[in-house]
Amino acid sequence: MAEPSELEKAVEKVTPEQIAARYESIERRTERLDRLCDLLPGVSDPLDAVDREELISREEWESRSGASRRKAVGFLYREHLRDRHQLHPPLHFHQSGRSDVFDRAHARSIEKRKLVFRYRKNYPKTALSPAGTIPVEPLIGLVPRMKTTPTEDLPVILNSRLFHFVWVHYHGETSGEDAVPHEARLAGFQCPMLTKRTGGEFRELRDEILELSAKNAELLVERDRMHKLAEEAGVPLVPVHRTEGIVREVNVPRPLTEVAGVARRGPVVIFRRGSTIVTTTEEAATYLELWLRWRFDRLRGMTREELEEFLRLPASTAQVVVVLQRRAEIEEEIDGNQDRIDELQEEAEQRLYDLYDLTEAEREWLRIHYG
């Protein structure tokens with residue numbers, strides 16, 4: 001067995017208390033996060049909480065004029081935060097921000113870019129959202145209080161291993177009667193305030209992270225536009241009755257008066273209890289689920305016969321696979337961008353650790369325990 005290196009020996013001696021001491025003794029200016037931002041809990045799921053007649057799909061939202069677009073509000077769900085910094089733009093929009101679903105604080109925040117925060121198994125993730133969006137429970141929205149709030153710095157800082165350490169070390173596990181609420185755990189974080197001099201290299205890396213994240217957001221939308229992918233692949237879409245038996249059964253026991261989105265289970269696409277579409281393959285069901293998600297607002301009141309005419313699919317299973325292959329290519333590009341984002345995040349964290357004078361052993365300890 002090889003002898004441990006000097007770094008490995010040093011890492012073994014690092015303790016959580018040692019890292020905590022570095023965090024507490026930073027010589028740069030810091031501010032509590034709740035002094036920089038208002039922490040707003042996500043609103044209730046609009047698919048349950050508001051009149052669905054007021055909801056429109058992204059496709060409908062994109063077809064509107066600029067003024068009409070700006071008046072609408074998009075909803076961000078937990079699954080939209082896919083990875084560090086990687087935010088899927090909303091699929092569902094409310095036609096007007098004037099609604100009982102918003103309190104005054106949320107209504108004031110609609111036009112602001114905000115940080116969306118997700119917690120799961122003590123591993124927080126954050127991403128900067130576009131204006132015109134509201135997070136849905138259990139997400140938290142961090143809304144900048146002042147124009148000087150370093151909103152763009154916060155995603156990198158709150159996605160860092162140092163913040164993950166602070167999140168766990170000072171508050172422990174999230175479960176149990178004595179668990180500290182997530183808003184309270186966020187509120188007390190002492191965030192370093194970076195000047196132009198101390199934050200130069202950090203912000204260069206930050207800007208590239210945000211640029212790639214914004215590109216991925218666009219790709220995540222394009223990835224799920226099945227009609228556009230089919231068009232790019234030269235695959236025509238036809239009604240159900242003209243396909244080569246791709247759909248086995250359309251079961252709509254009563255008109256689809258309320259459609260809260262669609263889901264897939266194997267080769268079955270599920271609208272709501274009692275309404276399903278059975279396909280011949282899981283690939284066809286994947287295609288159909290994604291195609292319908294863009295059109296959920298048009299399904300209200302449809303009977304089975306109307307739905308069969310409304311559905312548009314490639315004529316054969318082979319053509320379905322061609323479209324999904326094009327989708328896989330976009331996924332590969334997204335993954336490549338995310339790999340680069342992770343590299344940049346690692347570099348940006350090193351600049352952050354410089355502010356706290358962390359030693360190489362302490363940095364390695366954080367990587368091992370919060371990687």
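This is a predicted model: local features need pLDDT of at least 70, side-chain atom pairs count only at pLDDT 80 or more; totals for chains, interfaces and linings use all residues.

User: What covers the buried residues of H16?
Analyst: The cover includes helix H1 (6-13), helix H2 (16-24), H9 and helix H15 (317-355). Contact here means heavy atoms within 4.5 Å. Helices (H or I, at least four residues) and strands (E, at least two) are DSSP runs, numbered from the N terminus.

User: Which residues of H16 are buried?
Analyst: Ala361, Glu362, Arg363, Trp365 and Leu366, in a helix that runs over residues 360-369. Buried means under 20% relative accessible area; exposed is over 50%, and partly exposed lies in between (1.4 Å probe, protein chains only).

User: How many helices and strands does the chain have?
Analyst: There are 16 helices and 18 strands. The C-alpha trace spans about 70 × 60 × 40 Å along its principal axes. Of the 371 residues, 51% are buried. Take contacts between residues at least 6 apart in sequence: 75% of them join residues at least 24 apart.

User: Back to H9. How many of its residues are buried?
Analyst: 8 of 9, so to speak a mostly covered helix. Arg161, Leu162, Phe163, His164, Phe165, Val166, Trp167 and Val168 are the buried ones.

User: And what covers the buried residues of H9?
Analyst: Among the elements are H2, strand S8 (115-118), helix H8 (154-158), helix H10 (182-187), H15 and H16.

User: I see rings there. How many aromatic pairs are in the whole structure?
Analyst: The search finds 13. In one of them, Phe163 and Trp167 have ring centres 5.9 Å apart and planes at 45°, so this pair is tilted. Rings of Phe, Tyr and Trp (its six-membered ring) pair if their centres lie within 6.5 Å; planes under 30 degrees apart count as stacked, over 60 as edge-to-face and the rest as tilted.

User: Where do Phe163 and Trp167 lie?
Analyst: Both are in H9 (residues 161-169), 4 residues apart, about one turn of the helix.

User: Which residues do ring pairs link into a cluster?
Analyst: Tyr23, Phe117, Tyr119, Phe163, Trp167, Tyr170, Phe189 and Tyr356.

User: Which ring does the charged end of Arg69 sit over?
Analyst: That of Trp61, at 4.9 Å from its centre. The charged end of Arg295 sits over the ring of Trp291, 4.1 Å from the centre. The test: NZ of Lys or CZ of Arg within 6 Å of the ring centre and within 35 degrees of the ring normal.

User: New topic. How much space lies in the largest pocket?
Analyst: About 530 Å³. Its lining has 29 residues, with Pro89, Ser129, Pro130, Ala131 and Ala217 nearest the centre. Helix H5 (58-62), helix H6 (66-71), strand S9 (125-128) and helix H11 (200-223) each give two or more residues to that lining. H11 has the largest share, 7 residues.

User: What counts as a pocket here?
Analyst: On a 1 Å grid over the protein atoms alone, it is an open set of points where a 1.4 Å probe fits, with protein on both sides within 12 Å along at least five of seven lines; lining residues have an atom within 4 Å of a point. Volume is the space filled by probe spheres set on the points, which are joined across faces, edges and corners.

User: What volume does the second largest pocket have?
Analyst: About 410 Å³. It is lined by 19 residues, and Glu79, His80, Leu91, Glu289 and Arg293 are closest to its centre. Helix H13 (residues 282-293) gives the largest share, 4 residues.

User: Is His85 buried or exposed?
Analyst: Buried, because its relative accessibility is 4%. His85 lies in the loop between strand S5 (81-83) and strand S6 (86-87).

Definitions and conventions
Residues are numbered from 1 along each chain as its sequence is written. Side-chain values use heavy atoms; hydrogens and water are left out.
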